[in-house]
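Q: I have just opened this structure and would like to learn how to read it. Could you walk me through it?

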Amino acid sequence: MFGLADCNNFYVSCERVFNPSLDGIPVVVLSNNDGCVISRSQEAKKLGISMGEPLFKIKELVRRENIRVFSSNFALYADMSSRVMDTISALVPSAEIYSIDEAFLNLEGISAHELSSLAKKITGKVRKDTGIPLSLGISHTKTLAKVASKLCKKYPRLNNNCIMVKNGDIEKVLGKFPVGDVWGIGRQYSAMLESNGVTNTLDFTKRNPTWVRAKMNITGLKTWRELNGDPCFGVEENIPDKQQICTSRSFAKDVYDHEEVVRAVAKFTSSCAQKLRQQNGVVGKIIIFFYTNPFRENVTKDYRSIVIPLDLPSDNTLELVKITCRSVIPYLKQGCGYKKAGVIFSSISRKEQTPGVLFDSRDREKSDRLMKCLDSVNSRYGRETLITATQGPEKILYNMGHLSPKYTTNWDDIIKVVL
DNA sequence: TCTGGGGTCCTAGGACCC
DNA sequence: TCTGGGGTCCTAGGACCC
């Protein structure tokens, strides 16, 4: 048996834990740079605000309905997430943290009559200990458990628990479940299925597997099998190393001063390097991209991505920043106002498994000591206490005008709240 | 004026090997 | 009429996820 635990309206719920005046009223949380809506309270959903809606398109609605708006406070959400995940993990044989607000549960060895009380225990304890409302779906496969958890959100009378195990029940549910809402079936496939006469999920499960394989490849076939009760995915406990690490941001304005773009690239590179060292990796290839505002007309447009293969794999912020900044300069076009830039680390390998290089003149021990020092200063005194000179004092602005306090991770904010 | 930021897996096709 | 047979590795692009 598999479970899927999914926090309801997670970012909004995090804001509400520390600010109960937000209960019962419409609340939304915005993406970085205050661009789009990425989390909505039930009341906000009722007002017709959809996921990914740009803020400027609903300005009038926000004013009229008195909707409370928040910038994304990822320090807070990440900390709340780990509290939720710890609470869940303590109650089940094992769990896979699937995203910031979701976990798959391995319910092996738990008898059918115990499931219901366990489910109540999990949602109850998470609510009590962390303040976060949680939906829990249970079924024979991960994909079916996902369906069950979505039912919780649709039917309040389920009380956030949905155990979907009887064949008759499953058929009834799938007969009404839109195929596009199934985990693994996105926009393209649901359009394709619809044009082939498949609308609900039960229709899909009745299709011939050969047809599914031909139209949707092996991934689609696995989804089909899972919906038919045949598990294809297990609960993965060990978090694998990332194969790619990316840091990118949109800027508040179009940036014409190219020195500012270079500084941003330095900042993104440092951030990637720090994430890279956390998993003891070294990077073999870097991709830098930057572009002008794609939504704006009548301006000089530019979109570029630069691929830099490294001769010597590295995890040293100073080396990497030097490389990315030097590489980006010749490609920035005069007269272009850049709106977004990013850095991707690719071809990542584990440091201890990377062979040495014959003509490597670098002093790796010294480099390791320096990076260790850099990371420990920044972890102790705050993320950008120690930065490269190239990164310089920050000038590029990011819109983050509705940020709540870091209630759980920043001492100044904690003290403010307590007082 | 204002439009997010991360990731994964799979496949086809090209370049290469003997 | 006739043009080998068996592989691997890499990359770009397309689909998906939250």
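**Reading the surface and the cores**

A: Strand 9 gives the largest share of the surface near DNA strand B, six residues. Near means that a heavy atom of the residue lies within 4 Å of the strand, while helices (H or I, at least four residues) and strands (E, at least two) are DSSP runs numbered from the N terminus. This is a predicted model, in which local features need pLDDT of at least 70, side-chain atom pairs count only at pLDDT 80 or more, and totals for chains, interfaces and linings use all residues. Residues are numbered from 1 along each chain as its sequence is written, chains are lettered from A and ligands numbered from 1 in the order written, and side-chain values use heavy atoms, leaving out hydrogens and water.

Q: How many residues surround DNA strand B, and which are the closest?

A: There are 26, and the closest are Ser31, Cys246, Ser248, Ser250 and Lys340. Helix 10 (209–227), strand 9 (245–255) and strand 12 (338–350) each supply at least two residues of this surface.

Q: Which part of DNA strand B lies within 4 Å of the protein: sugar or phosphate, or bases?

A: Of those atoms, 75% belong to sugar or phosphate and the rest to bases. To read such places, look for polar contacts, pairs of N or O atoms within 3.5 Å; within protein, one must be able to donate a hydrogen and the other to accept it, and residues adjacent in sequence count only if both atoms are side-chain atoms. Here, a phosphate oxygen of DNA strand B lies 3.0 Å from a polar side-chain atom of glutamine 243. The backbone takes part too: a polar backbone atom of cysteine 246 is 2.6 Å from a phosphate oxygen, and a backbone N or O atom of serine 250 is 2.7 Å from one.

Q: What should I look for inside the protein?

A: In soluble globular proteins, nonpolar side chains tend to be buried together. A nonpolar core is a set of buried Ala, Val, Leu, Ile, Met, Phe, Trp, Tyr and Cys residues joined through side-chain atoms within 4.5 Å, where buried means under 20% relative accessible area (1.4 Å probe, protein chains only). The largest one here has 32 residues, with Phe10, Ile88, Leu105, Ile122 and Leu134 touching the most other members. Helix 4 gives this core its largest share, six residues.

Q: Which domains make up chain A?

A: An automatic or database assignment sets the bounds: domain 1 (8–75), domain 2 (78–227) and domain 3 (245–381). Nine residues of domain 1 are in contact with 14 of domain 2, contact meaning heavy atoms within 4.5 Å.

Methods. Buried < 20%, exposed > 50% of the residue type's maximum accessible area, 1.4 Å probe, protein only.
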